[in-house]
Amino acid sequence: STPYTDWMKKMRIHYYTLVQIFFFALVFVVQNVKKISIVFPFMVFLCIPARLFLFPRLFEGWELVLLDGEDEQIEEWVDAKEESIRNFEKRRTIHMGADDSEAEIDSVKKTKDEEEKSQE
């Protein structure tokens, strides 16, 4: 289990992979077609602005952190997300009775597990 498989929808992960395959194929074609192979270094160079400017338009910032961020960034994001969930559950417990909140939390977890199984 990895953070991106735990927190992201599988379709978004597949979409990211398809975009990467597209860029790989583009660079591969340019490299192997003799008439245009002179622009190979330029095509490799274009991958940098694509990551900096195109990918943020296609994906949310947190998705990019999980998919290709540094390990420290990913750990910070996961810690912040888990803290946010704990704070939400604490506030919910304050507003609801203790018995109600436990049942509600179990219900939410069960629903999430069922959604994950249906996506597989």
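How many aromatic pairs does a search of the whole structure find? The search finds nine, where rings of Phe, Tyr and Trp (its six-membered ring) pair if their centres lie within 6.5 Å, with planes under 30 degrees apart counted as stacked, over 60 as edge-to-face and the rest as tilted. This is a predicted model, in which local features need pLDDT of at least 70, side-chain atom pairs count only at pLDDT 80 or more, and totals for chains, interfaces and linings use all residues. Residues are numbered from 1 along each chain as its sequence is written, and side-chain values use heavy atoms, with hydrogens and water left out.

Select Phe22 and Phe23 to begin: their ring centres are 5.6 Å apart and their planes stand at 80 degrees, so the pair is edge-to-face. Phe23 counts as buried because its relative accessibility is 18% (buried means under 20% relative accessible area, exposed over 50%, partly exposed in between, with a 1.4 Å probe and protein chains only).

Next, select Trp62 and Trp77, a stacked aromatic pair with 5.7 Å from centre to centre and 15 degrees between the planes. Trp62 belongs to helix H4 (residues 61-68) and Trp77 to helix H5, so the pair ties together parts that are 15 residues apart in sequence; helices here are DSSP runs (H or I, at least four residues), numbered from the N terminus. Trp62 is partly exposed at 32% relative accessible area, whereas Trp77, at 18% relative accessibility, counts as buried.

Finally, stay on helix H5 and select Glu72, which lies in this helix and counts as exposed at 53% relative accessibility.

Definitions and conventions
Helix = DSSP H or I, 4+ residues; strand = E, 2+ residues; numbered from the N terminus.
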